[in-house]
Amino acid sequence: MARAASRSRTLMVTIIAWLIGLALFFPILWTILTSFKTEAQAIASPPLFLFFDWTLENYGTVQERSNYFAHFMNSVIISVGSTVIGLVIAVPAAWSMAFVPRKRTKDVLMWMLSTKMLPPVGVLIPIYLIFRDVGLLDTRTGLVIVLTLINLPIIVWMLYTYFREIPGEILEAARMDGASLRKEILHVLTPMAVPGIASTMLLNIILAWNEAFWTLNLTAAKAAPLTAFIASYSSPEGLFYAKLSAASTMAIAPILILGWFSQKQLVRGLTFGAVK
Amino acid sequence: MATQHSRAAARVMLSPAVILLILWMIVPLGLTLYFSFLRYNLLMPGMEEWTGFANYRFFLTDPAFTTALVNTLLLVGGVLLITVGGGICLALLLDQPFWGQGVVRVLVIAPFFVMPTVSALVWKNMFMDPVNGLFGYVARLFGAQPFEWLTAAPLLSITLIVAWQWLPFATLILLTAIQSLSSEQLEAAEMDGARFPSRFLWIILPHLARAITVVILIQTIFLLSVFAEILVTTNGGPGIASTNLTFLVYAESLLRFDVGTGSAGGVVAIILANIVAIFLMRMIGRNLDA
């Protein structure tokens, strides 16, 4: 009896959960489906779900008309570039705070976090004017700089929470065995730190890829990553649903895939270790 | 000796990050503060002059400021209500055993990874458009007049779009928190005859309190700065019906080129965000000691 009751309960939970899951996912699914329709089919009434003439035409058109690939590469360069530079700066910083903590370490960490609390609009004007004067507006370099700086606190924090889980005794043991600082880092610490660094990198690429305040305000045609490029569809061009969908699908697909790998890290990274 | 050596090394390793962040904070903040006391319009270069608090007076007494402030609070409050309420329900649901748990989890989380401009445009055109959108189609199916989402209820529409993006975040964090609740405690309560409502109220909710607070604070920080969703859907309109504080400052400085007033607005936005930040920092700091 009890088992039968729990089975039917599981069945009910299954149905409800799948319905909600599919409903929340539906806008994404609909975008992907629409990207394979012709423009006429995209606005057909009643809407067409699966039975239409699947076509890849929109993907070709989007590339031809607006050199989509260039914007895609801008996104790649900006998100990966800012992440790698961020890591180069943050790994030593997080390492030193995790393994050589001092009285002020906590204050430094909290202060770094506080820079993240700064609303971007509060510093938009100076950054815009400085960038205009030194010729960084609408350049990938400029965006890499800004995104590195705005995400640096998150990178340091995430790495710090990972590094702190590495037992300090292992380092001490290595030190006793006469390992130099360089060897200690290279042979003992690095292998244990790699998973943490990798997931930090993943989450940060996602955040940088989707960043849509600075990318919209600091770029025009040349250095625009996908966030800014897609925004140009808010003009009447957005009424071409199939093309909008094709451009959107290509913009979100890489991150959806990366995102699935980083669910767990998402919690840790975005709550600054407050929820694990 | 060794410690002294590694201490010095540690300081060297820490300093690039610290110096860069200090620069990133002090320089633009100082300039924003400075500009906010100037009469400074990009269309009239070389005419900058000190005006004291005139920009603040102008910005704060502008009716647009009150509207934007109310809109900001409505947007943040609305999204929080939907995401925290929905997040708790979803987390409770996903915590139950059922078939295909992993797949459903992925489906639920997916919207968080969609870039803001894409989700805003997809919702605007393919769902909320009264002529070609799916919502309009469904309305006509029932013989109703399609609702003009973005012109008749622009702020509500944007709230829904943003809530869709942030619901996964709340769900994921609350789910993580629920899963750390010991099942023994719940089973004991169940054996003692506690029904679900009382189990929820007295065991689950208190356990979640911390995670809920974190969700609220972090989302608030991000939601105060919602920008892209407004830019591509309504452009702050109709009129200023969907202009929030962030968008107002943007419009003031980069559309009307009034750097002075825009900077004063920026300072106001910073003060507002700081009120939230102080609470958040306290919570995270407490966790650091534990």
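In which strand of chain B is B:R39 found? The legends below describe a predicted model, and the first one answers.

**View 1. B:R39 and its contacts in chain B.**
B:R39 is found in strand β1 of chain B, residues 38–39. Count the C-beta neighbours inside 10 Å and you get 19, so B:R39 is partly exposed. A buried residue needs 20 or more. Leave aside the neighbours within four places in sequence. B:R39 is then in contact with B:E48, B:E49, B:T51 and B:G260. B:R39 and B:A251 lie 212 residues apart in sequence and 17 Å apart in space, C-alpha to C-alpha.

**View 2. B:Y250 in helix α12 of chain B.**
Helix α12 of chain B runs over residues 245–255 and holds B:Y250. B:Y250 has 27 C-beta neighbours inside 10 Å, so this tyrosine counts as buried. Which residues touch B:Y250, leaving aside its neighbours within four places in sequence? They are A:V121, A:L124 and B:F227. Two of those names belong to chain A and one to chain B. Now look for B:S263. From B:Y250 to B:S263 is 13 residues in sequence, and 9.7 Å in space between their C-alpha atoms.

**View 3. Chain B against chain A.**
Chain B brings 85 residues to the contact, and chain A brings 86. On the chain B side, helix α1 (residues 2–35) gives the most, with 19 residues. What classes of residue make up the side of chain B that touches chain A? They divide into 67 nonpolar, 17 polar and 1 charged.

**View 4. Helices α9 and α13 of chain A pack together.**
Two packed helices are described by the angle between their axes and the distance between the axes. Helix α9 of chain A covers residues 181–210, and helix α13 of chain A covers residues 263–270. Their angle is about 80 degrees, and their axes are 10 Å apart. α9(A) and α13(A) are therefore roughly perpendicular to each other. Where do they meet? A:S199, A:L202 and A:L203 come from α9(A), while A:Q265, A:L266 and A:G269 come from α13(A). This contact has 3 nonpolar residues, 3 polar residues and no charged ones. Among the elements of chain A, α13(A) has the lowest mean pLDDT, 73. The highest, 91, belongs to helix α4 of chain A, residues 68–99.

Most residues other than glycine have a negative phi. Find B:F257 in the loop between α12 and α13 (259–289) of chain B. B:F257 is partly exposed, with 13 other C-beta atoms within 10 Å.

**View 5. Chain A as a whole.**
Chain A has 13 helices and 0 strands. Its radius of gyration is 24 Å, well over the 19 Å that the globule rule gives for 276 residues, so chain A is more spread out than a compact globule. The C-alpha trace of chain A spans about 75 × 75 × 35 Å along its principal axes. Of its 276 residues, 48% count as buried. The mean pLDDT of chain A is 84, and 96% of its residues reach 70 or more.

Note on methods
Residues numbered from 1 in each chain as written. Chains lettered and ligands numbered in written order. Predicted model: local features only at pLDDT ≥ 70, side-chain atom pairs only at ≥ 80, totals over all residues. Axes fitted to C-alpha atoms, helices over the stretch in contact; angles between N-to-C directions. Helix = DSSP H or I, 4+ residues; strand = E, 2+ residues; numbered from the N terminus. Parallel < 35°, antiparallel > 145°, perpendicular 65-115°, else oblique. Contact = placed C-beta atoms within 7 Å. Nonpolar A, V, L, I, M, F, W, Y, C, P; charged D, E, K, R; others polar. Rg over C-alpha atoms; globule rule 2.2 N^0.38 Å. Buried ≥ 20, exposed ≤ 12 C-beta atoms within 10 Å, placed from the backbone. pLDDT = per-residue confidence, 0-100.
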